[in-house]
Amino acid sequence: MEGNYLMEEENTLINLIRNSENAKSVLGLAKDLKEEGNTLFKQRKVDDALEKYGHTGVILARFGFVEEKDRVELHELPICILLNFVACLSKKKEFIQVGQICSIILDFKPNNIKAFFRRVLCHNLHVSRII
């Protein structure tokens with residue numbers, strides 16, 4: 001039942017994006033969902049935060065941003081969302097996924113200190129769990 005609800009919510013988001021002609025409103029929606037995820041994370045509702053970050057990713061992946069200023073913002077926002085997503089996965093002790101996602105972030109932004117730090121930290125936590 002829950003899976004159907006999530007699919008309906010994602011389809012609603014996709015339809016909203018497809019019918020939108022305004023990049024600012026789509027970026028605004030993505031930012032709002034990211035902030036909702038941040039609030040949920042601070043409330044220790046990690047699964048709910050992950051869902052919001054996931055929806056934000058759907059929005060960014062489905063909308064075609066044409067103007068240069070929107071693409072610049074689009075380049076920074078996914079990195080931020082992925083780092084937030086990784087913070088949630090860390091709380092869930094999903095250390096392998098954290099390392100993989102941080103490596104992807106570092107492919108795009110080699111000097112991203114948060115991604116580097118989280119990857120090292122989770123690698124150490126993962127190794128200490130094995131030993």
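Q: What makes a stretch of residues count as a helix in this predicted model, and how many helices does the protein have?
A: A helix is a DSSP run of H or I that holds at least four residues. In this predicted model, the protein has six helices and zero strands. From the N terminus on, the elements therefore read α-α-α-α-α-α.

Q: Why is Cys122 called buried?
A: Buried means under 20% relative accessible area. Cys122 has a relative accessible area of 3%, so Cys122 is buried.

Q: Why is Cys80 called partly exposed?
A: A residue is exposed over 50% and buried under 20%, and partly exposed in between. The relative accessible area of Cys80 is 29%, so Cys80 is partly exposed. Of the 131 residues of the protein, 36% count as buried.

Q: How do you know that Cys122 is in no disulfide?
A: A disulfide requires a pair of cysteine sulfur atoms within 2.5 Å. The nearest cysteine sulfur to that of Cys122 belongs to Cys102 and is 6.7 Å away, so Cys122 is in no disulfide. The structure as a whole holds zero disulfides.

Q: What makes a set of residues a nonpolar core, and which residues touch the most other members of the largest one?
A: The members must be buried residues of nonpolar kinds such as Ala, Val, Leu, Ile and Cys, joined through side-chain atoms within 4.5 Å. The largest such core has 28 residues, and Ile59, Leu60, Leu77, Cys88, Val98, Ile105 and Ala115 touch the most other members. Two or more residues come from each of α2 (23-42), α3 (46-62), α4 (68-91), α5 (95-108) and α6 (113-130). The largest share, eight residues, comes from α4.

Q: Which residues does Ile105 touch, not counting residues up to four places away in sequence?
A: Ile105 touches Ile79, Leu82, Leu83, Asn112 and Ala115.

Q: Why are the buried residues of α2 said to lie on the same side?
A: The buried residues of α2 are Ala23, Val26, Leu27, Ala30, Leu33, Lys34, Gly37, Asn38 and Leu40. They cover an arc of only 165° around the axis, which puts them on the same side of α2.

Terms used:
Residues are numbered from 1 along each chain as its sequence is written. This is a predicted model: local features need pLDDT of at least 70, side-chain atom pairs count only at pLDDT 80 or more; totals for chains, interfaces and linings use all residues. Side-chain values use heavy atoms; hydrogens and water are left out. Buried means under 20% relative accessible area, exposed over 50%, partly exposed in between (1.4 Å probe, protein chains only). Contact means heavy atoms within 4.5 Å. The arc is that of the directions from the helix axis to the C-beta atoms.
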